[in-house]
Each structure stands twice: as structure tokens, then as C-alpha cells.
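Let's walk through a few spots in this protein together, one question at a time. Have a look at the picture first.

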Amino acid sequence: MKFSGLFKNSQVFKLALIVAILVVCYFGSKFFSQMQKLNSTLELIAKSNETQLELEKLLSIINSYDYSLRNYIITKDDSYLEDRFLNRGIIEKGIKKLKLLTANDSIRHKDILTFEKLINYRFKLFRDTYIAVKSSNLDKRGLDYKLMRSNDYTEKMKLFVYKIIYSERLKTKFQNSNHQFELQDSLITAFLLIILSLLILLLSFNKTNIDIEELKQANDKLMLLNESFNTAEKTAGFGHWMVNLETNKYTFSDNLYRLMGVEPNAFEPNVENSIKYFHPDDLEHAKKLHTDSLKKQEATSFFFRYLTPDNEVRHIMAVGSFTKDGNGDLIKIGVNYDITNQYKKTLELEENNKELKYINTELESFNNIVSHDLQEPLRKIQMFISRLEEKEFDALSQQGRDYFSKIRIAANRMQTLLIDLVNYSRTIKGDKVFVETDLNKILVETIQDLSTNVEEKNAVIQIGKLPTLKAIPFQLKQLFINLVSNSLKYSKDDVIPQISITSDKITQEEMFENKIANETDYYKIVITDNGIGFKQEFAEKIFLLFKRLETDPKYAGTGLGLAICSRIVDNHKGFIKVKSEPNAGAKFSIFLPKGDLV
């Protein structure tokens, strides 16, 4: 009765209403604050997972570039380097995204800046290694050192990245815990608001439904990001594991199970269960390295093999390093890479290299035969031909004289062919020492050597100012001799040969077989003549070995001259092009790199 009387009192009712309104406002403000925290937590979780995924993506790209460079070193196949070191747009875009994701986290932002520096330095190592491989003075010991240095630096990058990833995962786990606590607290607040007011009930119910839907979407996104992370591991062919040295608890990624040939979570992650899948020959060694590493707390890096339940052997590169988790516990993080394909390709390449060495030995023997054994009897044949011509030529019949002339011509052609073969082999096996070379001086010596042919043809040779560059002098002299001789040989009978040798500017980028030349990196030497020319469709074929165009029989040749020119230009990391029309002469353009490219 007293309570009913108090409730009927308008002043008490107003006071109670005010109190109720204040309570509702309090819980409403509290509920709103909790929702803000939920949204903030979800955003942190999403950013953390996006950061992990982007780091894995960048690391995968660096690994791909590393493998491509190593494959190029082994195979010398330029296809492995296509679009590799010319465009870093994807990596720069990823770094930019990471900076945006970590903009509000000063520590993580600093880690990203450090990672960017590591990537920049890694690309410097890529370029140093690439330049070392491309160098004609290949220093194998230096190259091995660069490769070992690159490998160590790559491992350093990987460990750095996985430390960041692990830290992010711990942060995500912590945020998930806070998220669950805040969610429960918000539900309690919502229940209290329902009791206090029907209006608050409706509003809170509507808001809760909205929040639950947003939460569901965030959880779906989180699951998608986790799945993307697992897919990235699967695509890159590696799996990771962790062990807490305080609790001795192991954690295996899904793809680590797959590397062992079983389904994810097929067994409890620990050493005893996993060593069943180690190759028997590698078991003791790998187990000892791991045990010693845990005792001494030293990083590990070694090779071993898995033997799957299907008896498939997989070659693994394992690396591991120590760090501390958010609780201060010492943990070891390891990454196992499946390098089976690379291992098999390496064995195949080694076998191919043995075969190539054998073939090179045979070619060297053939070169010695051409240089000495074949030329000696040929010189004797020419000597006897000369003696017969001096003493017995007049005694021969007209038919005999014709045969004799054909014998002499055939012997001379054979000598020319042997000389060209020796010259071609020198471009392949000869010393390739690059020195500062004045092309003007080389060209003067060339014209002096060909003075007899020039005077015989009454040829007019115009020479422009040529550059000085790092080159192999005797090879460039052979290049000019062959090209000038070619212009003299294929001149018109009734026209004085006009030959021009100049250095032209490259007005725009020129390309030939995926090679790009520009004024900054290349010199352009142009040799033109007014000879018989040829159809442009044969412009590439004339540089092939023993390839001669169908011309008048009076234009004798071996088909090696332009092949030698092509080989010499290739030795200098340049390229050669030709434009021609029948009866309109030919224009040879030679692109030679400047010193820093050679």
C-alpha cells in the first residue's frame, strides 16, 4: 500500500521517471560505447589479417624472383627473367597498402619501413648477382659468394616477416578474446535496456540485429582471410610450425600436414608424430639438429626429405629461428619449403651440363683439326697446284686446264672456309677481355688490311666519327673486316662501290628479339652500301651459319661471314639489324652497349 501510494505521487513518479530515464541513458551510452569498441576491434582484426596476407604475398613474390634468377643462372634462359626486375609495381603497391594498414600502429609501421628497406636491398642483391652472371669475366667464386649472401639475406627477410606475422596473429588472438568479452557485455546491457523500456527494447533489438549482421560479415571476412592465408601457403609450397619452449606445445599449419602427405590435423602436432614421415636416412640427422637447436637456442637451416604414406619422396628446405610471444614465452618458428621440383631440375641440369662439357670437348677437338690438321694438307695441295701451274700447265689440254683451274678455285674456297670456321670458333672460345677501344683506330687498321680489295674495286669509303667503348679489339676488327668485305664483294659491276660508316643517334627506343636499345645505354654504328642488296624477308636468315642467298655464282662465299658478325655483336651484349632492297644496297645497324652495360 505504501509503495502504491508513493507510485501515485506525481513528484515521486516524476523522480522515478527521471531516474529511469537517467538509467536508460546511462545504459544506452554504455551500450553505444561497447558497440564502438566492437567495431574498433573488428577493424583491428581485419587490418591485422590483411597485413599478414599482404606480407605473405610479397614474400612469395620475392621467392619467385629468387627462384627465377637461380634458374636463369643455371639455364641462361632469358625467359626466366621476363618482367622480373624491370617492374616493381606489384611490390610497391603492396608496400603502400601495408603502410596504410599500419598507419595507426607506430611499431608495426616501423617494421614495414624496415621490411621495405630489406626489399630494396634484396633487389640490389638481385641486380648485383644478375650483373655478375651477365659479366663476360664470370667469377664463379664471387658468384657463389653473392648467391650465398643472397640466400642468407632471403632467409633473414623470411624470418623477419614471419616474426611480424606471428606477432600479428597473437594480436589477432588477443583482439578476438576482447571481442568475445565485449560482445557478451553488450548482450547483458541490451537485456537490461529491454527491461527498463519497451522503446529501448525495440531500438536495442534493431541495433543488436544490425550489429549481429555486421559481426557475421566480419567473421565471414575473417574466415576468408584465413583461407586465403592457407591458400597462399599451399600455392607457394611451404608450411610453417611453432613450438612454445615453456609449454612444449607445437602448432602446425594445414599445408605442413600436406607436405607430409596427410590431411590437415591428421594427427596431434608434435615431434613424435611428425618424425614418422621423415625419410629414414635423414631422421637421426634432422632430429639431432632440432634437439640441439632447442637446447642452444640457435637458428637452423638444413635439407631433409619427407617420405609420404604413398612412398613419395619430397625434398624439404627447413629454416627456423627463435623469438618471444606476447606473453614473453620463448618460441621457435620454423618454415619448411618443398623444393622437390627444383631439386629434380638441378639434377637434370647437372646431367645436361655433363653432356654439354662432352660436346664442348668434341667441338674443341674439331676446332684443333680445322686449325691445324686440315690446313696442313690443304697447304700442300695448294703448293703442288702452284708448282704444276708453273711447270706443267702449258702441257695440259684445254679441258685439262679448265679442270686444273676448278681444282685451284675449289682448294682456295676450302681454305677460305677453314679460315672462316677458325674465326667463328674464336668468337666462341676466344679470350673475351674487354678494354677501352677506339673504333676509329680499329677502322683505320681494317681499311689498311683491305686496301688491295678497295683499290681493285675503286671503292669510296666515307668514315664518320666513331665512339670509344669497352670491347674486344680483335673481334671488332673482324666485325668491320667482314662487313666491309661483304659490301665490296656484293657490289654492282658497273657502279663504283659507295660505303659509309658512321655513328648515329638513337632517336627512339629500338627493339630486336626482346632487346631494347636507347641513347642512354647503347651506341649505334651504321654501315651502308650501294650494292646488289637482297629482299628484306631474308634479313634474319643471312646471320645463320652457312646460310647464303641465291645470287649469281660469281659472288662466292662460305656463309660464315655474317654469322661471325652476329656472334661478335652478341659477345658484346649488343645486337645487329639489317635493312635492304634488291639493287638498292644494304644498311647494317650495330647496337653496342656502353661500358656500364658490358
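Contact here means heavy atoms within 4.5 Å. You're looking at a predicted model, where local features need pLDDT of at least 70 and side-chain atom pairs count only at pLDDT 80 or more, while totals for chains, interfaces and linings use all residues. Residues are numbered from 1 along each chain as its sequence is written, and side-chain values use heavy atoms, with hydrogens and water left out.

Q: Is threonine 300 buried or exposed?
A: Buried means under 20% relative accessible area, exposed over 50%, and partly exposed in between (1.4 Å probe, protein chains only). Threonine 300 has a relative accessible area of 13%, so threonine 300 is buried.

Q: Which residue's side chain makes a polar contact with the side chain of threonine 300?
A: Not counting residues up to four places away in sequence, threonine 300 touches Leu289, Ser293, Ala318, Val319, Gly320 and Lys332. A polar contact is a pair of N or O atoms within 3.5 Å; within protein, one must be able to donate a hydrogen and the other to accept it, and residues adjacent in sequence count only if both atoms are side-chain atoms. At 3.3 Å, the partner is lysine 332.

Q: How far apart are the C-alpha atoms of threonine 172 and isoleucine 45?
A: Threonine 172 counts as buried, at 7% relative accessibility. Leaving aside neighbours within four places in sequence, threonine 172 is in contact with Ile45, Ser48, Asn49 and Gln52. Threonine 172 and isoleucine 45 are 127 residues apart along the chain, yet their C-alpha atoms are separated by 5.4 Å.
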